[in-house]
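Reader: I would like a close look at one part of this model. Please keep the answer brisk and give the cut-offs.

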Amino acid sequence: MNEIIIINFTDQILSLHNEHKIDQYTSFETLKITGQQTCFIIVKSLSDIPDTKYATKIIDKSNISFYLITIDMEPDLIEKNPITKSVKALISGFNQKNLMYKLNELIKMV
């Protein structure tokens with residue numbers, strides 16, 4: 001079974017009730033990548049990610065799948081941001097009400 005990593009740059013997620021093992025981080029600095037993992041990066045806005053070049057480097061050199069979830073849609077920022085070229089999928093435009101429900105659905109799919 002996959003382990004799930006959540007890098008959470010919002011205050012939206014308090015807990016997840018899920019059968020997967022989920023590790024939560026608040027930055028890329030402390031991220032520990034091992035074996036069979038999938039990573040969800042959750043942001044309100046892409047500008048919440050402190051150093052996108054550093055994050056992109058980490059994503060590019062790891063061999064796990066990264067998914068980026070943005071709560072606010074920002075088409076211009078999304079196109080220009082280097083991180084979006086590195087992640088496996090970009091899931092954009094969730095509102096805060098359905099974020100937990102959708103995140104649980106995504107986690108069950110991986």
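Author: N104 counts as buried because its relative accessibility is 17%; buried means under 20% relative accessible area, exposed over 50%, and partly exposed in between, with a 1.4 Å probe and protein chains only. This is a predicted model, where local features need pLDDT of at least 70, side-chain atom pairs count only at pLDDT 80 or more, and totals for chains, interfaces and linings use all residues. Residues are numbered from 1 along each chain as its sequence is written, and side-chain values use heavy atoms, with hydrogens and water left out.

N104 sits in helix 4, residues 99-109. Helices (H or I, at least four residues) and strands (E, at least two) are DSSP runs, numbered from the N terminus. Leaving aside residues up to four places away in sequence, N104 touches L16, H17 and N18. Contact here means heavy atoms within 4.5 Å.

Now the aromatic rings. The structure has two aromatic pairs. Rings of Phe, Tyr and Trp (its six-membered ring) pair if their centres lie within 6.5 Å; planes under 30 degrees apart count as stacked, over 60 as edge-to-face, and the rest as tilted. F9 and F28 have ring centres 6.1 Å apart and planes at 35 degrees, so this pair is tilted. F9 lies in the loop between strand 1 (3-8) and strand 2 (21-25), and F28 in the loop between strand 2 and strand 3 (37-43), so the pair ties together parts 19 residues apart in sequence. Both F9 and F28 are buried.

F40 and Y67 form a stacked pair, at 5.2 Å centre to centre and 20 degrees between the planes. F40 and Y67 are both buried.
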